[in-house]
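Please keep the sequence and the structure in view while reading.

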Amino acid sequence: INHSLPKHCNISTLFCCLETSRYLFCLCDYLVASHPSTSRVDFTRARLQMVTLLFTQMCEAVAVCHEASVYHRNITLDSFLTVDGPLHGSHTLKLTGFTLATTVDFPADMKCGSVPYMSYGA
C-alpha cells in the first residue's frame, strides 16, 4: 500500500521489500527522528506557530493518503516521527506505520468505531 502513495515530504517512503522464507526486509527512509510524544511541547506563543505547522503537516499527510485512496486506519502519535528540518528549530512530521492501511473504502473487517473511522480490531 505504501508503494501506491505519491512521494510526499510528510509521508515516509518505502523503497523496496525483500522477502525470504523467514524474514521480510523493508528498505525505508533513513530518518534521524524522535517520537512526538517524547518531545515536551511548550504551548507558549512562540511555540504555538510550530504546533500549528506540525498539525497542518499531519492533516496534509492524511489528505495525500486519502486522495490516493489509501486509508491508514491507525492515526496515533505512534504513526508519526518528527525529523529536524533544514532550519534550526524547524521540524517535519513523517507519517509511518501502514500495517493496518487499506485501499477499501468501507472494509468488512471493521470491528469498532464509526464507519468513516474504519478502526480495525475488536
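In what follows, Ala, Val, Leu, Ile, Met, Phe, Trp, Tyr, Cys and Pro count as nonpolar, Asp, Glu, Lys and Arg as charged, and the others, with Gly among them, as polar. The model discussed here is predicted.

**The second largest pocket**

With these classes, the lining of the second largest pocket divides into seven nonpolar, five polar and one charged residues. Its lining consists of 13 residues, and those nearest the centre are Asn2, Leu14, Cys28, Gly97 and Phe98. The space in this pocket comes to about 260 Å³.

**The largest nonpolar core**

The largest nonpolar core contains 13 residues. Leu5, Ile11, Cys65, Val70, Leu95 and Phe98 have the most contacts inside this core. Two elements, helix H1 (45–67) and strand E5 (91–95), each give two or more residues to the core. The greatest contribution is that of H1, with five residues.

Ile11 shows how such a residue is surrounded. Beyond its neighbours within four places in sequence, Ile11 is in contact with Leu5, Asp29, Ala61, Val64, Cys65, Lys94, Leu95 and Phe98.

Where do Ser79 and Thr13 lie in the chain? Ser79 belongs to the loop between H1 and strand E4 (80–84), while Thr13 is found in the segment before strand E1 (14–19).

| Residue | Relative accessible area | Contacts beyond four places in sequence |
|---|---|---|
| Ser79 | 3% | His72, Asn74, Lys94, Leu95, Thr96 |
| Thr13 | 18% | Asn2, Lys7, Leu27, Cys28, Asp29 |

Why does Thr13 count as buried? Buried means under 20% relative accessible area, and Thr13 has 18%, so Thr13 counts as buried. Ser79 is likewise buried, because its relative accessible area is 3%.

Further details describe the surroundings of Ser79. Its side chain reaches the backbone oxygen of Asn74 at 2.5 Å, and Asn74 is also one of the residues that Ser79 touches. Ser79 and Leu93 are 14 residues apart along the chain, and their C-alpha atoms are separated by 9.9 Å.

Methods: Residues numbered from 1 in each chain as written. Predicted model: local features only at pLDDT ≥ 70, side-chain atom pairs only at ≥ 80, totals over all residues. Heavy atoms only, no water. Core = buried A, V, L, I, M, F, W, Y, C linked by side-chain atoms within 4.5 Å. Buried < 20%, exposed > 50% of the residue type's maximum accessible area, 1.4 Å probe, protein only. Helix = DSSP H or I, 4+ residues; strand = E, 2+ residues; numbered from the N terminus. Contact = heavy atoms within 4.5 Å. 1 Å grid on protein atoms, 1.4 Å probe; cavity = no way out; pocket = protein on both sides within 12 Å on 5 of 7 lines; lining within 4 Å. Points joined across faces, edges and corners; volume = space filled by probe spheres on them. Polar contact = N/O pair within 3.5 Å; in protein donor to acceptor, adjacent residues only side chain to side chain.
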